[in-house]
Amino acid sequence: MDESATIAAVATAPGRGGVAVVRVSGPEAFAVATALTGRRVDASRAGRFFHAVLRQGGKVLDDGLVLVFAAPASYTGEDVVEFQTHGGVVAPRRVLAACLACGARLARRGEFTQRAFLNGRLDISAAEAVIDLVDAKTDRAADDAVARLGGAAARADAGLYAAALDISSRLEHALDFSEDELPPGYVEEVTADIASLGARIASEQTRLREGKILREGALVVLAGPPNAGKSSLLNALLGEKRAIVSEVAGTTRDAIEEWLDVAGWPVRLVDTAGLRHAADAVEAEGVDRAEELIARADLVVALDLDVPGALRVHSKCDLVRGEGLNVSAVTGEGLDALKEAIASRLAARAEAVDEPSADASARRGELLGAAQVALARAAGGVPDLVLAANGARAAAESLGRLAGKVYADDLLDTLFSRFCVGK
């Protein structure tokens with residue numbers, strides 16, 4: 001990436017609207033603003049905005065507000081100017097074209113945030129949180145992204161690393177002594193600290209898995225035989241008539257998907273074709289797709305059907321009671337209980353230790369997992385302090401990489417600080 005280039009782009013979504021924002025960042029941002037406004041723009045205007053008529057040569061492009069940010073106190077850490085133009089398509093496009101004509105180049109996808117990361121304005125977890133906040137579909141997902149944007153993940157990582165470093169340095173120091181020379185209760189104390197750190201890492205792993213669900217949404221599939229009430233239940237949960245409901249078996253031939261907020265969990269709720277031996281090729285294709293979705297689902301809501309691990313539901317309790325959670329799409333009975341059950345299952349899924357975290361945070365998941373394994377090795381090594389020290393050192397290395405620290409130097413500093421003067 002050419003960090004010396006000045007970049008520009010429309011920072012607001014395209015389409016009709018009251019205001020659009022054109023953002024310019026880089027060493028020539030002030031020069032671009034000076035050219036478009038006809039006024040001298042420099043760091044003395046930082047933190048303020050002013051009204052200006054925007055021109056290219058003698059042609060008036062638009063008029064609006066100009067916001068000025070001086071490095072390093074800007075989103076990217078560089079000199080930044082934002083033009084607040086009228087909305088729509090034409091006005092921001094004209095202003096952007098003028099910025100490019102003045103020497104800026106078009107920014108690549110995510111390049112403003114990339115520069116913020118490279119210039120130390122955001123850590124990697126906060127940079128990931130930016131896009132998660134933009135894509136958030138529920139308040140809970142937005143709250144999670146805001147917390148990470150504010151540095152919650154970075155602080156957690158730093159805390160884990162500090163604790164691992166402390167345990168590792170204590171064990172390394174203990175290697176210089178015989179077991180008889182160690183203070184009373186030393187082994188019990190370090191074992192308790194290792195267990196405490198392991199529990200903290202497990203909590204972070206749970207939060208990581210929760211974050212994956214909040215970012216991507218949980219795939220919840222309604223499955224069952226024809227006329228079990230899947231489409232009616234979909235409509236009832238959504239509060240609108242999204243799927244066709246008919247007494248004719250096999251009405252649903254293809255999967256119907258909608259987003260739903262379930263206690264803060266973003267859910268991709270899918271109505272599927274009734275599971276049976278299909279009468280024709282089209283229905284057979286629908287059944288095949290239903291089976292594929294069931295196999296991939298984070299949770300299957302099974303209506304009058306036995307599916308291993310599924311949430312069993314009977315959706316016509318206004319007519320007759322059935323097995324599992326009784327729900328009525330007609331009267332609304334049981335709908336709140338069903339949502340609570342779905343939320344509970346998703347929370348339990350996030351806590352499952354074998355749940356993979358293969359996403360944008362895969363590296364974080366791998367390092368937490370490696371630290372947990374190493375820490376278990378350290379706990380299993382006690383009272384053999386050599387084995388315990390090796391495990392703790394490996395855990396600190398993984399957490400040090402997670403926190404972006406240089407493990408070796410930090411460990412040596414901490415270790416030697418425990419020595420007496422002159423030793």
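Where does Gly88 lie? I found Gly88 in the loop between strand S5 (80-86) and helix H2 (90-101). Helices (H or I, at least four residues) and strands (E, at least two) are DSSP runs, numbered from the N terminus.

**Ground rules.** I am reading a predicted model, in which local features need pLDDT of at least 70 and side-chain atom pairs count only at pLDDT 80 or more, while totals for chains, interfaces and linings use all residues. Residues are numbered from 1 along each chain as its sequence is written, and side-chain values use heavy atoms, with hydrogens and water left out.

**Gly88, continued.** I looked up what Gly88 touches, not counting residues up to four places away in sequence, and found Gly15, Arg16 and Gly17. Contact here means heavy atoms within 4.5 Å. Gly88 and Gly17 are 71 residues apart in sequence, yet their C-alpha atoms are 5.5 Å apart in space.

**Largest pocket.** I noted a volume of about 600 Å³ for the largest pocket. On a 1 Å grid over the protein atoms alone, a pocket is an open set of points with protein on both sides within 12 Å along at least five of seven lines, a cavity is a set where a 1.4 Å probe fits but cannot get out, and lining residues have an atom within 4 Å of a point. Grid points are joined across faces, edges and corners, and a volume is the space filled by probe spheres set on the points.

The pocket is lined by 17 residues, and Arg108, Arg109, Gly110, Glu111 and Thr113 lie nearest its centre. Strand S1 (7-10), helix H3 (111-118) and helix H4 (124-135) each supply at least two lining residues. The largest share, four residues, comes from H4. By class I have eleven nonpolar, two polar and four charged residues in this lining. Ala, Val, Leu, Ile, Met, Phe, Trp, Tyr, Cys and Pro count as nonpolar, Asp, Glu, Lys and Arg as charged, and the others, Gly among them, as polar.

**Cavity.** I found one cavity of 30 Å³ or more. The largest cavity has a volume of about 50 Å³. Its lining consists of Asp132, Asp135, Ala136, Ala141, Asp144, Arg148, Leu214 and Arg215. The classes are three nonpolar, no polar and five charged.

**H11 against H12.** How do the axes of helix H11 (residues 362-381) and helix H12 (residues 385-403) cross? They come within 7 Å and cross at roughly 165 degrees. Axes are lines fitted to C-alpha atoms, for helices over the stretch in contact, and angles run from 0 to 180 degrees between N-to-C directions. The angle therefore makes H11 roughly antiparallel to H12, a label for angles over 145 degrees. The residues of this contact divide into 14 nonpolar, three polar and four charged.

**H6 against H12.** I then checked helix H6 (residues 152-174), whose axis comes within 8 Å of that of H12, crossing at roughly 155 degrees. H6 is therefore also roughly antiparallel to H12. Among the H6 residues in the contact are Tyr161 and Leu165, and among those of H12 are Ala392 and Leu399. By class the contact of H6 with H12 has 16 nonpolar, two polar and three charged residues.

Methods
Parallel < 35°, antiparallel > 145°, perpendicular 65-115°, else oblique.
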